[in-house]
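Subject: Structure handed over, with notes on what was found

Dear colleague,

I am passing on a structure for you to look through, with the sequence beside it. Please open it first, and then read the notes that follow with the model in view.

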Amino acid sequence: MTAASGSDCTAAADLNARTPRPCSRLGLALDKRSTRSITNGPMGRLAVAGALLMVAAATSGTDAGGLVRHAGLLQSLDPAAGVLMIEEVGVNGRTDLLEVRIRGADVVRVWRDPAEPWQWRERPTRIHRWPAGTFVVVIGTTAPSGVIDATRVELPRVAPE
C-alpha cells in the first residue's frame with residue numbers, strides 16, 4: 001500500500017491481528033517496528049544526562065556540599081587558626097557545638113534600615129571585636145570532616161523588644 005492509493009494506517013492494519021501495525025509519519029504502514037527510542041542518539045543521551053543532573057541538584061543539601069546556613073551564639077575564636085566555635089540551638093532545645101573555618105570569609109554587621117525597613121544594610125567588621133555570646137549567622141559549605149567552611153559570617157543587630 002502506498003500513500004498514492006489513499007490508504008491510511010488503520011486501513012493497512014490487519015483486522016485479525018491483536019495489535020495494529022506501526023505507521024510512519026505519512027500514515028503508511030510499516031512492516032517492522034522502529035528500533036529508535038528516546039535514549040538512542042545524542043539528543044536522547046543529552047535528555048538522560050539532564051534528568052540525572054536535575055535529580056542530583058534536587059537531592060543536594062548539607063551532605064552533598066551545598067550552601068548551608070547555621071545560626072547560633074559565638075563561643076570562642078582562634079584567630080591564628082581562623083576557627084570559630086558557635087553553639088547552635090536546635091529542635092527541642094538540643095544544642096550543637098559547630099566548628100567553623102572563617103579564613104577568607106566576609107564578616108559583616110547587618111541591620112534593617114529604619115527609614116526603609118524592607119532594606120538590609122551592612123558594613124564590614126572584624127570578628128575578634130565581638131564578645132562571646134554574640135548571635136552570629138554563618139553561611140558556607142560543609143566539609144566531609146563536618147567542619148563548616150564559611151563564605152560569609154553575619155552579625156545581625158537585634159533590636160531590643
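A place to begin is P131, which is found in the loop between β5 and β6 (135-142), where helices (H or I, at least four residues) and strands (E, at least two) are DSSP runs numbered from the N terminus. At 51% relative accessibility, P131 counts as exposed, in a scheme where buried means under 20% relative accessible area, exposed means over 50%, and partly exposed lies in between (1.4 Å probe, protein chains only). Although P131 and L73 are 58 residues apart along the chain, their C-alpha atoms are separated by 10.0 Å.

Before going further, please keep in mind that this is a predicted model, in which local features need pLDDT of at least 70, side-chain atom pairs count only at pLDDT 80 or more, and totals for chains, interfaces and linings use all residues. Residues are numbered from 1 along each chain as its sequence is written, and side-chain values use heavy atoms, with hydrogens and water left out.

The overall plan

The secondary structure of the protein comes to two helices and seven strands, and from the N terminus on these elements run α-α-β-β-β-β-β-β-β. Of the 161 residues in the protein, 25% are buried. Taking contacts (heavy atoms within 4.5 Å) between residues at least 6 apart in sequence, 41% join residues at least 24 apart. The protein exposes about 11800 Å², of which carbon and sulfur atoms supply 57%; accessible areas come from the Shrake-Rupley method with a 1.4 Å probe, and for residues only the protein chains shown count as cover.

How β7 is paired

Several strands can be followed from β7 (148-156), where two strands are said to pair if DSSP finds at least two bridges between them. β6 and β7 pair in the antiparallel sense over six bridges, and the bridge partner of I139 in β7 is R152. These two strands, β6 and β7, form a hairpin with five residues between them, and G146 in the turn has a positive phi of about 100°. β4 and β7, on the other hand, pair in the parallel sense over five bridges, with R109 standing opposite L155 in β7. β3 and β7 also run parallel and are joined by two bridges, and here V100 stands opposite I148 in β7.

Residues in and around strand β1

H70 is found in strand β1 (residues 67-78) and, at 15% relative accessibility, counts as buried. Which side chain does the side chain of H70 meet in a polar contact? The partner is the side chain of E88, at 3.0 Å, a polar contact being a pair of N or O atoms within 3.5 Å, where within protein one must be able to donate a hydrogen and the other to accept it, and where residues adjacent in sequence count only if both atoms are side-chain atoms. Leaving aside neighbours within four places in sequence, H70 is in contact with residues including I86, L98, V137 and I148.

S76 also has its place in strand β1, and at 36% relative accessibility S76 counts as partly exposed. Leaving aside neighbours within four places in sequence, S76 is in contact with V83, L84 and M85.

D113, in the loop between β4 (106-112) and β5 (120-124), is buried, with a relative accessible area of 15%. The side chain of D113 makes a polar contact with the side chain of R121 at 2.9 Å.

N92 is found in the loop between β2 (83-89) and β3 (95-101) and is exposed, with a relative accessible area of 81%. Phi of N92 is near 60°, a positive value in a residue other than glycine. Most residues other than glycine have a negative phi.

Finally, L73, F135 and V158 form a nonpolar patch on the surface, with about 260 Å² of accessible area together. Patches are made of residues with over 30% relative accessible area and no salt bridge, with like charges joined within 9 Å and nonpolar side chains (Val, Leu, Ile, Met, Phe, Trp, Tyr) within 5 Å; a salt bridge is a side-chain nitrogen of Lys or Arg within 4 Å of a carboxyl oxygen of Asp or Glu. V158 lies in the segment after β7 and is exposed, with a relative accessible area of 60%.
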